[in-house]
Amino acid sequence: MIKSKIWNTKISGVTLPLYLGFVLILAITIAMDKLPLNMLGITFMLVLLGHLFYWMGEKLPIFNSYLGGGSVFTLIVASVLATLGWIPKNVITATSTFMNNWGFLDFYIAALICGSILGMNRNLLVKASVRFIPISLISMVIGFFSVGFIGILLGQSFGHSVMYISFAQMAGGMGAGIVPLSKIYASAIHGNAATILSQLAPATTLGNILAIIGAVFISKAFANSRYNGHGVLISVDKADLKKAQVDLDAIKIGVGVMFASSLFLIGVILNAFIPKIHSYAFMIIIVFILKALNAVPKSLEEAVVMFNQVIMTNFTHAILAGIGLSMINLSSLAHAMTWQFMLLSLTSIVAMGLSSAIIGKWMGLYPVEVAIGAGMINNSMGGTGNIAVLSAANRMEMIAFAQMANRLGGAIILILGGILIQFFS
């Protein structure tokens, strides 16, 4: 009976004994310091660990119901492995390089953005967007003042609370968020950017973790209510939501790769002329316009959707493992973990989630989706954080809206940061 159960247990389509064999191969290779620190070695490690940790998190009682399930478990276990040194430093460095400098994250996000927008109902996209962006920005303003006022009540200054906690959580992550924000602060107050970055990073990390847990709580608490759109922002006819079945085609998937990549590169080109607007933001605008104008042939849309399905199915958990290994520093988070710090971070999450849900309901959007897509997402770590939040809440189809809110909001934070730090330093 037990033997049969073991052989019938599968992790992402692989029987448990075979999967453990893969893990053993990885462990031996790492122990011998022979893991190829290139696309082959890092991809194998991330896919293997990502699927394994996600599977474990989904099976654990309590954790799978209240603490974010597989997504949060993958992030935490991967970051613990890195913090304890069980994954060698050179492998962690290579993972960070692979995720960012080599563009694995760009590859993944390009597939998600293009596939989610082109695969979306056109009327839904247009109607939801014009309401969603204002809600996202208003919730950020409410979050800013809420953190500041609670900071005063806790004996912290208004300025320090908003500049080092609220702004750190809303800046849009690390590379495109608090790294440039720390330089902006340093330039304005003639300080050290590295020191300022170390003050901002814990809030960014904790905010992302709380946003993931918040998204899971919201999606489960209102799972069967009329406030839940199940991944759809606005109420539309069921016929409009019905997605055509697309049979995967190897050649078409290749076409989808080329088309999505070309749209991303157009964003890169435009970013070279207007650096203050991120490449992702340009790509979202381009794909949005193409979809709104029905400018993309149906066969090409299907090709991009196929590419999206392949990438989401096989690499989402790998991305989560990569984030945990290379982008979440548990040591710095532990040093900053006072109850006042945690309460201020939570204040941003609650204030923005609640306000976006209320305003979203008033403007005709589903409160659950808006609370996650605007409130939680605007406290996440940019592209990687968006993936973690939406994956945990099972709402990856909202990635385009999430990126839109996160990138626009992050850009505004950088501009305001340079102005306000001179008054609150």
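**Ser380**

I started with Ser380, which sits in the loop between α18 and α19 (382-392); helices here are DSSP runs of H or I with at least four residues, strands are E runs of at least two, and both are numbered from the N terminus. I am working on a predicted model, where local features need pLDDT of at least 70, side-chain atom pairs count only at pLDDT 80 or more, and totals for chains, interfaces and linings use all residues. Residues are numbered from 1 along each chain as its sequence is written, and side-chain values use heavy atoms, with hydrogens and water left out.

Is Ser380 buried or exposed? I found it buried, because its relative accessibility is 1%; buried means under 20% relative accessible area, exposed over 50%, and partly exposed in between, with a 1.4 Å probe and protein chains only.

Next I listed what Ser380 touches, leaving out residues up to four places away in sequence: Gln169, Gly172, Gly173, Asn208, Gly385, Asn386, Val389 and Asn406. Contact here means heavy atoms within 4.5 Å. I also checked Leu210, 170 residues from Ser380 along the chain, and their C-alpha atoms are 8.8 Å apart.

**Helix α18**

I then moved to α18, which spans residues 367-376 and has 10 of its 10 residues buried. Glu369 is on that buried list, along with Pro367 and Met376.

**The nonpolar core**

Which residues touch the most other members of the largest nonpolar core? I noted Met45, Leu46, Tyr108, Tyr185, Met283 and Ile387, out of 132 residues in that core. Helix α11 (residues 193-221) gives the core its largest share, 12 residues. Such a core is a set of buried Ala, Val, Leu, Ile, Met, Phe, Trp, Tyr and Cys residues joined through side-chain atoms within 4.5 Å.

Setting aside neighbours within four places in sequence, Met283 contacts Ile109, Ala110, Ile113, Cys114, Leu263, Phe264 and Gly267.

**The whole chain**

Stepping back, I counted 20 helices and 2 strands in the protein chain.

Of the contacts between residues at least 6 apart in sequence, 76% join residues at least 24 apart. The C-alpha atoms fill a box of roughly 65 × 50 × 45 Å along the principal axes.
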